[in-house]
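Work through the exercises below with the sequence and the coordinates open. Each task is followed by a solution in steps.

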Amino acid sequence: MFSLWRYRLAAQTVQCGVVMKRDDFPVRKLDTMSEKPKERLRLPVLPLRDLVLFPGVTAPVGAGRPGTLRAIEAAVNTEDRLVFAVSQRENVEAVDPEILHTIGVVAKIGQMQRGLGGIQLLLHGEYRATVLQYNKKADHIVAIVQEALDLQPIDPADAAFAALYKELRERAAELGEKTGISAETVQQVLQTVSDAGALADVVGGYLDISPKERQAVLETLGVEERLRRVLIHVQRQIELLEVQEDIKNQVQEEIGHKQREMFLREQLKAIRKELGEEESEGEIDELRERLQGLDLPEEARKEVERELSRLGRTSSDSMESQVIRTYLETIAELPWNERSEDHLDLQEAAAILDEDHYGLQDVKDRVLEFLAVRKLRQAKRLAGGSDEMPEAPGNEDDKQPKGPILLFVGPPGVGKTSIAKSIARAMGRKYVRISLGGARDEADIRGHRRTYVGAMLGRLMQGMKTVGTKNPVFLLDEVDKLGVSHQGNPASALLEVLDPAQNDTFTDHYLGVPFDLSEVLFVATANFIQNIPGPLLDRMEVVEFSGYTEAEKLMIARRYLLPRQLRDAGLDANQLELGDKALCALISRYTREAGVRQLERELGRVARKVARKIEAGEVKGFELKKAEIGDLIGRPTVHPERAAREDQVGVATGMYYTPAGGDIMFVEVSVMGGKGQLVLTGHLGEVMKESARAALTYAKSHAEELGIDPELLNDKDIHIHVPAGAIPKDGPSAGVTMAVSLVSVLCGVPVRHDVAMTGEVTLSGRVLPIGGVKEKILGAVRAGITNVIIPKDNLPDLEDLSEAERQLITVHPAATLGDVLDAALRLGDLPAGKDKASRSPDLVTTLS
């Protein structure tokens, strides 16, 4: 009938793809005053904001507030599914009985659909009701309601009343037709209502009027007065539509005048051209020349010619002309064939990479490999068809090698982003970087289509436009922090960009034509490889960055960080001197990180303190010694674990690895009275708990071989604790440590305090390989450990250690748990008065 008629009528018949028959909500036909009111009901209250429901009307309602959702749940759990739908006096989030009207509608809940934001449901108004009492429960409001009957009896012989009734039906039909609804549909709705009061409710329920006016109609209990109120609103709506139609006609007429004016201007332009008075179009001609001078692909050339033709036919003052010109200027500014000349001197490139970064040999080798291949291919092309280097078949069209796609994965601060800059400098290429952290819109990668107002290139093509060459080093920073939203998944858009088989025809939505990205050297960075979707990860060559060791941090601080901080603080090298011992103390006692960012901040703090002393005239130069660090910058903030001073029963030393580096931890086991239960504490993860259960199962299954008293396993509780309980811990590598400490306490044999161990243990006693061996061993050495036990399969990982580092430690490879126990337990230190053989008759054999 009117602006909401079409929507609500559809809601009466279709909701959420489920067809609903009108018989599902029978329309109640009101009788005269002789009808007795229905019994009082106690119903959940459904508060409505900016909405008033009428009897006989079906309306869609969205519910999201907790109290409303609980009221709906309370209603749907009853047989009749009834609620009391009442409008709020104020549009506020919190609902209180004082802001609710006292007259509403007893409504029945129909179809429902649950979504992320709440519930969408259909409400059918059954009858008008007044509130006798509101009761606010803990989670929603309930009301005791009584049906509100019409106050005015209907006299069918009253001519004035009959005329009013007929007038409302005719005006309602007229209003429906003016809003574009067919007469048949309007009549179908009106024929379902034969009662005067019900007619006023149905028509009033579909009127596009304010909630305040709708509530006034709902609260009008006199039928004749209600008919008059609704008729007045209907007539106003008709008059409003007529005025809108007049305005629309005036606008159409205005548009016709503008089109005529445009035609006359074109004629005037032609006349001026004949008279030799044509206005200068130098800017457009200049743009046309720039575009014609580009070596564009065929598809891009056709699109440019088409847009140039449109620009010539469009008035320079129109918005369309500005959009076309911006698009063509963007085309002209892109590097379709501009390339940087690669530096193919491998020695010079290696020197540049070594100058900027210490270590990172895997990355440097990969860049030098790419340059070597590029140099060989260039020599091959120069040889052409010579006999010495004939062209390989099938490579005639492969004139430019495709750029590699690298993924640098590692903890923060290890140089992933800065090495990309050095790669560009070493190769003689330009460098461009975009940060993808938090990007949630596919248009960030692919751009916006030109049909949108304010459309622009995606960030990839904007980067190419900014850098101005076709083969830059393009850094995609924080690729593991891409988001997902209803606007698309940026990671899916990157699949084409990072696929060497597809990115030579990458199409930005704004450009609408392919652009070749195959010569770009893409470098992506990430902290957590598990956050990258599998298909995207499969397209990249992964280069892992491990955390720096203390020795590496010392060299980095000496070569790069300290000189930079001295320069920033305005100091000369002779004004602040730090020895190796002082630097090592600064690294181990004031930083705990995989990279060197915090270390650089601490060096900067030292430099500023010294600069202040020099400026105050206290000193002319300063040599910082290890003992003086605390006096200068305060007490240490990091307290690493140290090796135990003596052997203990039930306490074993394990090794662990985090992105901040390796370290040791202690596993403590105690036996106490109980019922054979296993107690685990220390904020352990599920994998670590499973390792503890596996160690206990091994001990039980090998109790006779190990000489363990069965009563300890059946009548005693075993408590395993890993200190630093506030820190979450997880992973399988603590399995052997738990097993050793468990066997130690059950057998009464102490564990060597100078031995640290790592490895996953199985139920059969096999020791499986783990990761982070280099970092774990270096952490153990720093803690004062001299012997380490590692899985036998991890022996090749020792090659990652320098010769000097390997000399500091004795490595015990273990293939079984027996090997671990042999190296970790003190078999000669059994408790006094107990013979080794009688205490554990098979223990020596087992450990050997």
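Phe 408 counts as buried, at 0% relative accessibility; buried means under 20% relative accessible area, exposed over 50%, and partly exposed in between (1.4 Å probe, protein chains only). The model is predicted, so local features need pLDDT of at least 70 and side-chain atom pairs count only at pLDDT 80 or more, while totals for chains, interfaces and linings use all residues. Residues are numbered from 1 along each chain as its sequence is written, and side-chain values use heavy atoms, with hydrogens and water left out.

**Exercise 1. Describe the surroundings of Phe 408 and its ring pair with Phe 545.**

Step 1. Begin with contacts, meaning heavy atoms within 4.5 Å. Leaving aside residues up to four places away in sequence, Phe 408 touches residues including Val 363, Ile 419, Ile 423, Val 523 and Phe 545.

Step 2. A nonpolar core is a set of buried Ala, Val, Leu, Ile, Met, Phe, Trp, Tyr and Cys residues joined through side-chain atoms within 4.5 Å. The largest one has 56 residues, and Phe 408, Ile 423, Leu 576 and Leu 603 have the most contacts inside it. A second, separate core of 52 residues includes Leu 407 and Val 409.

Step 3. Count the aromatic pairs: the whole structure has 4. Rings of Phe, Tyr and Trp (its six-membered ring) pair if their centres lie within 6.5 Å; planes under 30 degrees apart count as stacked, over 60 as edge-to-face and the rest as tilted. For Phe 408 and Phe 545 the centres are 5.0 Å apart and the planes stand at 45 degrees, so this pair is tilted.

Step 4. Locate both rings. Helices (H or I, at least four residues) and strands (E, at least two) are DSSP runs, numbered from the N terminus. Phe 408 is in strand 9 (residues 405-409) and Phe 545 in the loop between strand 15 (541-544) and helix 18, so the pair ties together parts 137 residues apart in sequence. Phe 545 is also buried, at 5% relative accessibility.

**Exercise 2. Classify the ring pair of Phe 474 and Phe 522.**

Step 1. The ring centres are 5.7 Å apart and the planes lie at 35 degrees, so the pair is tilted.

Step 2. Phe 474 belongs to strand 11 and Phe 522 to strand 14, 48 residues apart.

Step 3. Both residues are buried: Phe 474 has a relative accessible area of 0%, and Phe 522 is at 1%.

**Exercise 3. Which salt bridges does Glu 519 form?**

Step 1. A salt bridge is a side-chain nitrogen of Lys or Arg within 4 Å of a carboxyl oxygen of Asp or Glu. The search of the whole structure finds 35.

Step 2. One partner is Arg 339, with N to O at 2.6 Å. Arg 339 sits in the loop between helix 10 (319-333) and helix 11 (346-356), and Glu 519 in the loop between strand 13 (514-515) and strand 14 (521-526), 180 residues apart.

Step 3. Another partner is Lys 470, whose closest N and O atoms to Glu 519 are 4.0 Å apart. Lys 470 is in the loop between helix 15 (459-467) and strand 11 (473-477), so this bridge ties together parts 49 residues apart in sequence.

Step 4. Glu 519 is buried at 5% and Lys 470 is buried at 8%, whereas Arg 339 is partly exposed at 34%.

**Exercise 4. Is strand 8 (residues 141-147) enclosed or open, and how is it paired?**

Step 1. Of its 7 residues, 6 are buried, so strand 8 is largely enclosed by the rest of the structure.

Step 2. Two strands pair if DSSP finds at least two bridges between them. Strand 3 (residues 41-48) is antiparallel to strand 8 and joined to it by 4 bridges, with Arg 42 opposite Ile 144.

Step 3. Strand 7 (residues 118-136) is also antiparallel to strand 8, through 7 bridges; Tyr 134 has Ala 143 as its bridge partner. A hairpin of 4 residues joins strand 7 to strand 8.

**Exercise 5. What covers the buried residues of helix 26?**

Step 1. In helix 26 (residues 773-782), 8 of the 10 residues are buried, so the helix is largely enclosed by the rest of the structure. Among them are Val 773, Lys 774, Glu 775 and Ile 777.

Step 2. The cover includes helix 18 (550-568), strand 19 (651-658), strand 20 (661-673) and helix 27 (803-806).

Step 3. Gly 784, which follows helix 26, has a positive phi near 100 degrees.
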